[in-house]
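User: I would like to learn how to read the features of a protein model with some care. Could you take me through one, giving the general idea before each case?

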Amino acid sequence: MIRSSFTKLKPSLFFRQVRHAEVVNTPASIFFGGHHNNWDRINRIANEASRVKIDYDSKYAFKLKLAAEKRGLSSVNELKKDVLSRKTDSQPPPPPLPPLPPQQPNTKQVPSPSSPKVVSENQKTEMKYESSAPTLDKIVKLDLLAKESKESISKIWTQHYADKDGITAVIPVDAYAKMYQISQKYPLFILPMPRDTGLEFFFLQFQAHQCNITSLLEYKTKGEKARPFLTITHYPELADTKGIVLMRGEINDNPKKMISTANAQFLAFAVQQFYSTNNPTSVKLVETFNVSPEEFNYQDLIKEMENIIPLQ
């Protein structure tokens, strides 16, 4: 019998003691290894991406000028200085990622598996590098959590991590099934993220139910030894019984954090938009990057990103 006892039980009662290091501090070759034959291609991609720039001053000149005048400033440069001076490191972390809406039927696409846990034996044997992600039972008391309703589990999961660094989400099984299907076929991609000085590209790699993200500069410099800046782990153990997949994003702090919680949320949201979508343009970009990288166009990626999330 499913209980709705969330109001009587504390979320911490459902969780085990797990060290942060157990989640993210794994040999780097496990995260970004296995691409020896593709190193020249990836290195070229990194070099090309590093040359891609957006002249925001020209592109948004009129808007920037209006914004400066609205604040009583005489120039765009003064506006930039004013914006930077207002930024502080004490900003509260953003709320957990909202659940993705259930995917609409699309008869043109290959039907996704009924459960993201379903992986054929052939797929398992073909995985050269297995995921280093812990299973859900290593983090929570799964037998206890499984007795709760889907709604209670969502609250328990998000509230437990509410005051902790990192990001969380509860994803509908249909949305995650699509993400899993695409990620196993096309595990590599890059994402542009706005920084104070322009765009920075990030390189991601899916392995089973885990996605590791590092800066393209870090990967270009260190190759297999590149450390992940963000590790997103999906837990599909409750997919069959509850229809949800739990997600946790850990920000690597060894030796120091290279991205903020807001950055992590931006990257996780962008991953969802390219890997759990019915948008053929987004999926085609992911496919091209993996299958025909010589045809990959960075301006097309930037344009698509700006349609999803304004890069300014």
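Predicted model: local features only at pLDDT ≥ 70, side-chain atom pairs only at ≥ 80, totals over all residues.

User: Is Thr261 buried or exposed, and with which side chain does the side chain of Thr261 make a polar contact?

Analyst: Thr261 counts as buried because its relative accessibility is 10%, and buried means under 20%. The side chain of Thr261 makes a polar contact with the side chain of Asp165, at 2.8 Å.

User: With which residue does Asp165 form a salt bridge, and how should I read such a pair?

Analyst: The general idea is that side chains of opposite charge can pair when their charged atoms come close. In this structure Asp165 forms a salt bridge with Lys257, and their closest N and O atoms are 2.8 Å apart. Lys257 lies in the loop between strand S6 (244-251) and H13, whereas Asp165 lies in the loop between helix H9 (150-160) and strand S1 (167-172), so the pair ties together parts that are 92 residues apart in sequence. As for accessibility, Lys257 is partly exposed, with a relative accessible area of 39%, and Asp165 counts as partly exposed at 37%.

User: How many salt bridges does a search of the whole structure find, and what separates Glu218 from Lys222?

Analyst: A search of the whole structure finds seven salt bridges. For pairs within a helix, the general idea is that an α-helix has 3.6 residues a turn, so residues three or four places apart point the same way. Glu218 and Lys222 are four residues apart in helix H11 (residues 216-222), and are therefore separated by about one helical turn. These two residues form a salt bridge, with their closest N and O atoms 3.4 Å apart. Glu218 counts as buried at 9% relative accessibility, whereas Lys222, at 42%, counts as partly exposed.

User: Where do Lys284 and Glu287 lie, and how do their side chains meet?

Analyst: Lys284 and Glu287 lie in helix H14 (residues 280-291), three residues apart, so that about one helical turn separates them. Their side chains meet in a salt bridge, at 3.9 Å from N to O. Lys284 is partly exposed, with a relative accessible area of 47%, and Glu287, at 25% relative accessibility, also counts as partly exposed. Elsewhere, salt bridges that share partners join Glu218, Lys222 and Arg227 into one network.

User: Now for helices: at what angle do H13 and H14 pack, and which residues make the contact?

Analyst: In general, two packed helices are described by the angle between their axes and the distance between the axes. Here H13 and H14 pack at an angle of about 95 degrees, and their axes are 7 Å apart. The two helices are therefore roughly perpendicular to each other. On the side of H13 the contact is made by Gln273, Phe274 and Tyr275, and on the side of H14 by Ser282, Val283, Leu285 and Val286.

User: Which residues of H9 are buried, and what covers them?

Analyst: The buried residues of H9 are Ser152, Ile153, Ser154, Ile156, Trp157 and His160. What covers these residues includes helix H8 (142-145), S1, strand S5 (230-235), helix H12 (239-242) and S6.

Technical notes
Residues numbered from 1 in each chain as written. Heavy atoms only, no water. Buried < 20%, exposed > 50% of the residue type's maximum accessible area, 1.4 Å probe, protein only. Polar contact = N/O pair within 3.5 Å; in protein donor to acceptor, adjacent residues only side chain to side chain. Salt bridge = Lys/Arg side-chain N within 4 Å of Asp/Glu carboxyl O. Axes fitted to C-alpha atoms, helices over the stretch in contact; angles between N-to-C directions. Parallel < 35°, antiparallel > 145°, perpendicular 65-115°, else oblique. Contact = heavy atoms within 4.5 Å.
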